[in-house]
Amino acid sequence: MSSDFQFFKKGESISLREGFGRAMVTLGHQRQDFFHFDADVRGGTGAKAFSDAFPDRIVQFGIAEQNMMAASAGFADTGLIPVVVGFSAFTIMRAHEMLRTAVCYGKRNVKVCCSHLGVDTGPDGATAQMIEDLGTCRTIPGLKIMVPSCANEIQPMFEAVLNEPGPVYMRIGRSPTPILYENPGPIQIGKGDLLREGTDVTIIACGSRVYASLDAAVKLQEQGISAAVVNMRSIKPLDIELITRLAAQTGAFVTVEDHSIHGGLGGAVAEALAQYCPAPLEILGIQDKFGRSGEHHELFALYGISEADIIEAAQRVLKRKK
């Protein structure tokens, strides 16, 4: 892991976009092998810091995400790494065919890093709140998926993404999120991070819902419930080994994500439990509906993925535990 990362103070609330921009600049000084592909949104994704520092390493496509994704596939054949950055609702959804066919079918070394995920997107509203991306991307063969939980974790995660052969998709949260790690250390794709041990129930979260899960675990402990908490930073490949161990240790699970309940983290964990270690599971996420405009913390509560909802889900799943 790079020793030049400048980490934020633990406990501060910082947007993951800011951490992403900082990581791009730090690694941009160390290596010359990646370029920024932009769809005229660099000011909203955190990537502006990189394009300002390295103006000769940005390729600007305007609002033409399909062209950008298709061009990235050809550019990757030069041996350089295109980092495709945009808003997920447009970069993933609008350019999905190009991601699937031009990038992933050809196993091209393209990194797709998108902001504006879930209701964390807040006031921008339903059209910009991408709640389907994990579901659509999990089904594309060969595409790995990473979700950082804070602006410190995203920095070594971006380095791991650049070092990983083949296509990788990384989510970037928009709203300020508490810093969980002073120094996350090296990030390994395919591995989750057990942040808190527990014996009664396991809470598996990703992205901004990790800090909410840690807060929920503290309050559950006050009720005499011992909850393990996992930051499942790697959605695909999933850390089956960790899930299997925690199934034997706690025997009950709650998943929580700022994403649809269909096809995301909850679905991935459910598939793992069904195949390897059956255990009761409560899946928290956006129900079968679109988002709406509002402040992100208000929307977390409205859509049932707040700290209080995690506590209630843990209480429910324990009643189903044998």
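The side chain of Glu 282 makes a polar contact with the side chain of Arg 316, at 3.2 Å, and another with the side chain of Arg 320, at 3.1 Å. Keep in mind that this is a predicted model.

**Glu 282 and its surroundings**
- Glu 282 sits in strand β14.
- With a relative accessibility of 16%, Glu 282 falls under the 20% cut-off, so it counts as buried.
- Leaving out residues up to four places away in sequence, Glu 282 touches Phe 253, Val 254, Thr 255, Ala 313, Arg 316, Val 317 and Arg 320.
- Helix α13, residues 307-320, lies across β10, β13 (253-260) and β14, and runs at about 155° to β14.

**The sheet that holds β14**
- Five strands make up an open sheet with mixed pairing, in the order β9-β11-β10-β13-β14.
- The edges are β9 (193-196) and β14 (281-286); each has a single partner strand, so one side of each is left without a neighbour in the sheet.
- On average, neighbouring strands here are turned by 25° against each other, ignoring direction.
- Inside this sheet, β10 (residues 201-205) and β11 (residues 227-231) pair in the parallel sense over five bridges.
- One spot to look at in that pairing is Thr 202, whose bridge partner in β11 is Ala 228.

**Strand β7 and its partners**
- β5 (residues 111-115) runs parallel to β7 and is joined to it by four bridges, with Cys 113 standing opposite Met 170 in β7.
- β6 (residues 144-146) also runs parallel to β7, this time with three bridges, and Lys 144 stands opposite Val 168 in β7.
- Together, β6, helix α8 (residues 154-163) and β7 make a right-handed β-α-β unit.
- In β7 (residues 168-171), Val 168 and Met 170 point one way while Tyr 169 and Arg 171 point the other way, and all are buried.

**Helix α1**
- Helix α1 (residues 16-30) has 15 residues, which at 1.5 Å a residue should span 21 Å; its end C-alpha atoms are 21 Å apart, so the two agree.
- Ser 15 caps the N-terminal end of α1, with a side-chain oxygen 3.1 Å from the backbone nitrogen of Arg 17.
- Buried residues in α1 include Leu 16, Phe 20, Met 24, Val 25 and Leu 27, along with Gly 19, Gly 21 and Gly 28.

Conventions:
Residues are numbered from 1 along each chain as its sequence is written. This is a predicted model: local features need pLDDT of at least 70, side-chain atom pairs count only at pLDDT 80 or more; totals for chains, interfaces and linings use all residues. Side-chain values use heavy atoms; hydrogens and water are left out. Two strands pair if DSSP finds at least two bridges between them. Helices (H or I, at least four residues) and strands (E, at least two) are DSSP runs, numbered from the N terminus. Axes are lines fitted to C-alpha atoms, for helices over the stretch in contact, and angles run from 0 to 180 degrees between N-to-C directions. Contact means heavy atoms within 4.5 Å. The expected span of a helix is 1.5 Å times one less than its number of residues. Buried means under 20% relative accessible area, exposed over 50%, partly exposed in between (1.4 Å probe, protein chains only). A polar contact is a pair of N or O atoms within 3.5 Å; within protein, one must be able to donate a hydrogen and the other to accept it, and residues adjacent in sequence count only if both atoms are side-chain atoms. A crossover is right-handed if, with the strands pointing away from the viewer, the path from the first strand over the helix to the second runs clockwise.
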